[in-house]
Amino acid sequence: MQKPLIIAISGASGSGKSLFTENLINAFSEQGRPVQILREDHYYRAQDHLPMEAREKNNYDHPNAFEHELLKAHLGALRNGEPIDYPHYCFKTHTRLPKTERLQPAPVVILEGIMLLARVELLPLYDVKIFIDTPLDICLMRRMMRDVRDRGRTMESVAKQYEQTVKPMYHQFIEPSRFTADVVVTQGGKNQIALDVIKSHIQQFIK
Ligand SMILES: Nc1ncnc2c1ncn2[C@@H]1O[C@H](COP(=O)(O)OP(=O)(O)O)[C@@H](O)[C@H]1O
Ligand SMILES: Nc1ccn([C@@H]2O[C@H](COP(=O)(O)O)[C@@H](O)[C@H]2O)c(=O)n1
């Protein structure tokens, strides 16, 4: 099997990584499953051993919150044409679910997550590095709506977490990682020109 094309999409929380990824893969949905998605969020560390109060106080915007060793091993397996069983993460309980999900190797694998470009040891594993560059005030607004709607949060908890960890860690780790990107995308998941450019790059890997 041909070595897969691995595309890493990073940027702040709420920058539009997921929407960009979804819009990218929709173009290939009628061609079987040539493009697979893997989310860094699933690699947040399990915290079953901690009480809920401690989980709620954790810093989820530091690279060490992720089990990147496992992500690295999984990328190696996919490169070798082997399937992986990746963990499933729950944002409401701040830990992993007991089940895992199987991901089959594919010609193209899209990875998306906040710290993908901040870990230098992961960089050589990517073929294409994309950074979604969205002003932080817009990211906060989107995150506020999404976290209250989908992740069981209150507006107060989102605001407090943003001040305490999300914003400072963005400036310490995510913002500097922008300079490792091959492509910097403005206007988030709706930048049609950027989507078209990446789509045509992907198309070359799908026979
Ligand atoms: N360009 C955009 N315009 C309007 N809403 C957007 C745009 N990009 C993303 N969103 C919305 O903002 C929220 C967060 O976007 P998402 O793609 O989940 O961000 P991320 O994956 O970077 O955290 C989602 O509800 C999404 O639909
Ligand atoms: N238990 C958790 C784990 C993570 N977060 C936040 O998620 C953000 C990353 O996910 P995106 O889909 O928004 O990129 C990150 O900024 C963490 O603060 C959380 O709130 N709780």
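**Helix 3 and beyond**

Tutor: In helix 3, the buried residues are H68, L71, H74, L75 and L78. They span an arc of only 115° around the axis, so they sit on the same side of helix 3. The arc is taken over the directions from the helix axis to the C-beta atoms. Buried means 20 or more other C-beta atoms within 10 Å of the residue's own, exposed means 12 or fewer, and partly exposed is in between, with C-beta atoms placed from the backbone.

Student: Before we go on, what kind of model is this?

Tutor: This is a predicted model: local features need pLDDT of at least 70, side-chain atom pairs count only at pLDDT 80 or more, and totals for chains, interfaces and linings use all residues. Residues are numbered from 1 along each chain as its sequence is written, while chains are lettered from A and ligands numbered from 1 in the order in which they are written.

Student: OK. Which exposed residues are on the face of helix 3 turned away from its buried side?

Tutor: E69, A73 and G76. Helices (H or I, at least four residues) and strands (E, at least two) are DSSP runs, numbered from the N terminus.

Student: And what covers the buried residues of helix 3?

Tutor: The cover includes strand 1 (5–11), strand 3 (84–90) and strand 5 (108–112). Contact here means that the C-beta atoms of two residues, placed from the backbone, lie within 7 Å.

Student: How far does helix 3 reach?

Tutor: Its twelve residues, 68–79, reach 16 Å from first C-alpha to last, close to the 16 Å expected at 1.5 Å a residue. The expected span is 1.5 Å times one less than the number of residues. Just after helix 3, G81 has a positive phi of about 80°.

Student: Now helix 4. Which of its residues are buried?

Tutor: C139, R143 and D147. Viewed down the axis of helix 4, they fall within an arc of 50°, so they line one face. Helix 5 is among what covers them. The face turned away from that buried side carries the exposed residues D137, M141 and R149.

Student: Switching to ligands. Which residues come nearest to ligand 1?

Tutor: G16, K17, S18, R142 and G188, out of 14 residues around it. A residue counts as near a molecule or strand if its C-beta atom, placed from the backbone, lies within 6 Å of it.

Student: Which helix gives the largest share of that shell?

Tutor: Helix 1, with three residues. Helix 1 (17–26) and helix 4 (136–150) each supply at least two. By class, the shell around ligand 1 has one nonpolar, nine polar and four charged residues. Ala, Val, Leu, Ile, Met, Phe, Trp, Tyr, Cys and Pro count as nonpolar, Asp, Glu, Lys and Arg as charged, and the others, Gly among them, as polar.

Student: What surrounds ligand 2?

Tutor: S13, G14, D41, Y44, Y60, D61, F91, H94, I114 and V166. That shell divides into five nonpolar, three polar and two charged residues.

Student: Tell me about H94. Where is it?

Tutor: H94 lies in the loop between strand 3 and strand 4 (95–103). Its phi is positive, about 60°, although H94 is not a glycine.

Student: Is H94 buried or exposed?

Tutor: Buried, because 22 other C-beta atoms lie within 10 Å.

Student: Back to helix 1. What does T21 touch?

Tutor: T21 is in helix 1. Leaving aside neighbours within four places in sequence, T21 contacts I9, I37, I110 and E112. T21 is buried, with 21 other C-beta atoms within 10 Å.

Student: And I6, which residues does that contact?

Tutor: I6 belongs to strand 1. Beyond four places in sequence, I6 is in contact with L75, V109, L111, L125, Y126 and D127. I6 counts as partly exposed, with 18 C-beta neighbours inside 10 Å.

Student: Last one. What does UniProt place at residues 6–193?

Tutor: The unreviewed UniProt entry gives "domain: Phosphoribulokinase/uridine kinase" there. UniProt positions follow the numbering used here, feature names are shortened, and annotations may be inferred rather than shown by experiment. In the model, residues 6–193 are 36% helix and 21% strand, and their end C-alpha atoms lie 21 Å apart.
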